[in-house]
Amino acid sequence: MAEDTFPGWHGTTIIGVKKGGEVVIAGDGQVSLGQTVIKGTARKVRRLKPGGHEVVAGFAGSTADAFTLLERLEAKLEATPGQLARASVELAKDWRTDKYLQKLEAMLIVSDGSDIFVITGAGDVLEPEHDVTAIGSGGNFALAAARGMMDTDKDAETVARDAMAIAADICVYTNGRLTVEKISA
């Protein structure tokens, strides 16, 4: 099917907030096909425990593609225990150079409680400014809302939840059914 005729999967907002010694990654539960909500309770934030080192990951994009990337990330983390930055860079390099992986359509936000990164198929491993990052269809709305709250007395989870609520009010591909995972350094 030609790309311009495919109805398009939409429907994810994932946010990562680092504040007060913890990182919170939150994601909504909506998956849409065109103008139809296919599922409202998808779980797009996961806790990984490769080699006994906890990592939290959230994904936007194709679910099958994201699961493939999460499996690859787990393998990289097992090969480099406790080194999220190195594992992320290795995944991004593979994603950029492997013919199969190049076709994957997803993005990841990952954290070990100390660092938080966005990993993209363009070979990027981005550490966000202002300790906030967001991806997906409502990502820019959530990012702007969270950045506006970072200088308040709200903790990381409250900032993430409030930002996601704002994104859900604006983006039709985002709902308020959240999966929230916290991780500390």
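This is a predicted model: local features need pLDDT of at least 70, side-chain atom pairs count only at pLDDT 80 or more; totals for chains, interfaces and linings use all residues.
1. Sheet order. Four strands make up an open sheet in the order β11-β2-β3-β12, and the pairing is antiparallel. β11 and β12 are the edge strands; each has a single partner strand, so one side of each has no neighbour in the sheet. On average, and with direction ignored, neighbouring strands of this sheet are turned by 10° against each other.

2. Helices on the sheet. α4 packs on the sheet and touches β2 and β11, with its direction at about 165° to that of β11. α5 also packs on the sheet, where it touches β2, β3 and β12; the angle between its direction and that of β2 is about 155°.

3. Strand β2. This strand covers residues 13-19 and is mostly covered, 6 of its 7 residues being buried. Its antiparallel pairing with β11 (residues 132-136) runs over 5 bridges. In that pairing, Thr13 stands opposite Gly136 of β11.

4. The β2-β3 hairpin. β2 also pairs with β3 (residues 22-27), again in the antiparallel sense, over 6 bridges. Val17 has Val24 in β3 as its bridge partner. The two strands form a hairpin with 2 residues between them. In the turn, Gly20 has a positive phi of about 60°.

5. Helix α5. The helix runs over residues 156-170, which makes 15 residues. From first C-alpha to last it reaches 21 Å, close to the 21 Å expected at 1.5 Å a residue. Its buried residues are Ala156, Glu157, Val159, Ala160, Ala163, Met164 and Ala167. Viewed down the axis of α5, the buried residues fall within an arc of 160°, so they line one face of the helix. Their cover includes the strands β2, β3 and β12 (179-184), together with the helix α4 (139-149).

6. Gly58. This glycine lies in strand β7, which spans residues 55-61. Gly58 counts as buried because its relative accessibility is 0%, the cut-off for buried being under 20%. Residues up to four places away in sequence aside, Gly58 touches Ile14, Ile25, Lys44, Val45, Met107, Leu108, Ile109 and Ile135. Arg43 is 15 residues from Gly58 along the chain, and the C-alpha atoms of the two are separated by 9.0 Å.

7. Thr120. This residue is found in the loop between β9 (116-119) and β10 (125-126). With a relative accessible area of 9%, Thr120 is buried, since buried means under 20%. Leaving aside neighbours within four places in sequence, Thr120 is in contact with Trp95 and Met107.

How values were computed:
Residues are numbered from 1 along each chain as its sequence is written. Side-chain values use heavy atoms; hydrogens and water are left out. Buried means under 20% relative accessible area, exposed over 50%, partly exposed in between (1.4 Å probe, protein chains only). Contact means heavy atoms within 4.5 Å. Two strands pair if DSSP finds at least two bridges between them. The expected span of a helix is 1.5 Å times one less than its number of residues. The arc is that of the directions from the helix axis to the C-beta atoms. Axes are lines fitted to C-alpha atoms, for helices over the stretch in contact, and angles run from 0 to 180 degrees between N-to-C directions.
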